[in-house]
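Subject: Structure for you to look at

Hello,

Here is the structure I said I would pass on. Please open it first, then read the notes below it.

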Amino acid sequence: METLTTRAAKDLRTRLAIQEAAIALCLDQGFAATSTKAIADRAGVSERTLFRTFGTKAAIFWYDAFLSRIVRALAPDPDPVAALVKAVRTAIDTITPEQWALELGRRAVIVREPDLIATGTQELNTGAARIAAILTPPLASPAQAFDLVLFARFAVAGFGVVPIHADTTPADWGAQLERVVHKAAHGALERS
């Protein structure tokens, strides 16, 4: 398992504190009524740190720690489907109750705020590009590279629409994410 440097660990704590504060405030008051100053104050950071960390208030909700864990767990493999399934399993198996609560809250805010749904495309594209870069062999043909980019984008888009409810467990969610990986590789209408 990857260990974090002291600086990276501090950055992660800051990121999580900001996300936790934003989720709590937005669930209570709504996204539009929650100021970045209120989020920063609750997180115990300056507003400048909030913007340096995320750039925008919407980006707080679109930074996907779970997708980042999938990317960190991903390793090049001749079978991209098996590689992505293995990375999803690793990310699910290592999710803590605190991380799960953060994911549930993040999703709850996004679902409540239609304007937030539209802003997430760039963050998801970045995650998909990172996955495709890892899965694409150095000597891949342009057609193979294109297919892997499509696979990664379909998978990441699918991850975003798998429903999570208060009674969903990480294991249940993980099983659905694995199903999404297979659907991304073989087509949404294929029977599973």
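The side chain of Lys57 reaches the backbone oxygen of Thr34 at 2.6 Å. That is a polar contact, meaning a pair of N or O atoms within 3.5 Å, where within protein one must be able to donate a hydrogen and the other to accept it, and residues adjacent in sequence count only if both atoms are side-chain atoms. The Lys57 side chain also reaches the backbone oxygen of Phe31, at 2.7 Å.

Before the rest, some background. This is a predicted model, in which local features need pLDDT of at least 70 and side-chain atom pairs count only at pLDDT 80 or more, while totals for chains, interfaces and linings use all residues. Residues are numbered from 1 along each chain as its sequence is written, and side-chain values use heavy atoms, with hydrogens and water left out.

Around Lys57

Lys57 lies in helix H4, residues 57–62. Helices here are DSSP runs of H or I with at least four residues, numbered from the N terminus. Is Lys57 buried or exposed? Lys57 counts as buried because its relative accessibility is 16%; buried means under 20% relative accessible area, exposed over 50%, and partly exposed in between, with a 1.4 Å probe and protein chains only. Not counting residues up to four places away in sequence, Lys57 touches Phe31, Ala32, Thr34, Thr36 and Ile39, where contact means heavy atoms within 4.5 Å.

Thr36, one of those residues, lies in helix H2 (36–43). Thr36 is buried as well, at 13%. Its side chain and that of Glu47 are joined by a polar contact of 2.4 Å. Beyond four places in sequence, Thr36 touches Glu47, Leu50, Phe51 and Lys57. Phe51 lies in helix H3 and counts as partly exposed, at 36% relative accessibility.

The cores

In soluble globular proteins, nonpolar side chains tend to be buried together. A nonpolar core is a set of buried Ala, Val, Leu, Ile, Met, Phe, Trp, Tyr and Cys residues joined through side-chain atoms within 4.5 Å. The largest one has 32 residues, and Leu84, Ile131 and Phe159 have the most contacts inside it. Two or more residues come from each of H5 (65–73), H6 (80–93), H9 (121–135), H10 (142–161) and H11 (170–186). H6 gives the largest share, eight residues. Apart from this core lies another, of 24 residues, among them Cys26, Phe31, Phe54 and Ala58.

The largest pocket

A pocket is found on a 1 Å grid over the protein atoms alone: it is an open set of points where a 1.4 Å probe fits, with protein on both sides within 12 Å along at least five of seven lines, and lining residues have an atom within 4 Å of a point. The largest pocket has a volume of about 840 Å³, the volume being the space filled by probe spheres set on the points, which are joined across faces, edges and corners. Its lining has 35 residues, and Tyr63, Ala65, Ser68, Arg69 and Arg72 lie nearest the centre. H5 supplies the largest share of that lining, eight residues.

Regards
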